[in-house]
Amino acid sequence: MRISMNFSPRLQQEVEKWASRQGISAEEFILIAVADKINALDRQAAQKNNDLQDSEAISGESPQQPKAYRKEGILVLDVELPKNFDLNAAIDELREERIREQIDL
């Protein structure tokens, strides 16, 4: 799947700044941010599911960190997606969060 994203110039600068500080490419930074968001949504969904089932709270185990690597020149992010995950909706939500953060600056 190929996704094209248009960032505002300010957001692009922020992505590049933070990626550079972490010693990774802007593309890697964005992929890791998306994977972190997916993990957070997955944890939220699991928590809601547990609440609905009136079961025990989720254990304190932290989710597995996404693994990013290059294979044949392509950046690969190895992360398990929750069932029925909508990547485009997650990207839209990330964009909205960043816009709100820019407005608050």
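This is a predicted model: local features need pLDDT of at least 70, side-chain atom pairs count only at pLDDT 80 or more; totals for chains, interfaces and linings use all residues.
Asn-84 belongs to the loop that runs between strand S2 (74-78) and H3. Its backbone is also worth a look: phi of Asn-84 is near 60°, a positive value in a residue that is not glycine. Most residues other than glycine have a negative phi.

A side-chain oxygen of Asp-86 reaches to within 3.2 Å of the backbone nitrogen of Asn-88.

Helix H3 itself covers residues 87-104, which is 18 residues. From the first C-alpha to the last, H3 reaches 26 Å, close to the 26 Å expected at 1.5 Å a residue.

Which residues of H3 are buried? They are Ala-90, Ile-91 and Leu-94. These three lie on the same side of H3, because they cover an arc of only 100° around the axis. Ile-103 and Asp-104, in contrast, are exposed and are found on the other side of H3.

Aromatic rings are the last topic. A pair of aromatic rings is described by the distance of the centres and the angle of the planes. With the centres required to lie within 6.5 Å, the count of aromatic pairs in this model is zero. The ring of Trp-18 does have a charged residue over its face: Arg-21 lies there, at 4.7 Å from the ring centre.

Conventions: Residues are numbered from 1 along each chain as its sequence is written. Side-chain values use heavy atoms; hydrogens and water are left out. Rings of Phe, Tyr and Trp (its six-membered ring) pair if their centres lie within 6.5 Å; planes under 30 degrees apart count as stacked, over 60 as edge-to-face and the rest as tilted. A charge sits over a ring if NZ of Lys or CZ of Arg is within 6 Å of the ring centre and within 35 degrees of the ring normal. Helices (H or I, at least four residues) and strands (E, at least two) are DSSP runs, numbered from the N terminus. The expected span of a helix is 1.5 Å times one less than its number of residues. Buried means under 20% relative accessible area, exposed over 50%, partly exposed in between (1.4 Å probe, protein chains only). The arc is that of the directions from the helix axis to the C-beta atoms. A polar contact is a pair of N or O atoms within 3.5 Å; within protein, one must be able to donate a hydrogen and the other to accept it, and residues adjacent in sequence count only if both atoms are side-chain atoms.
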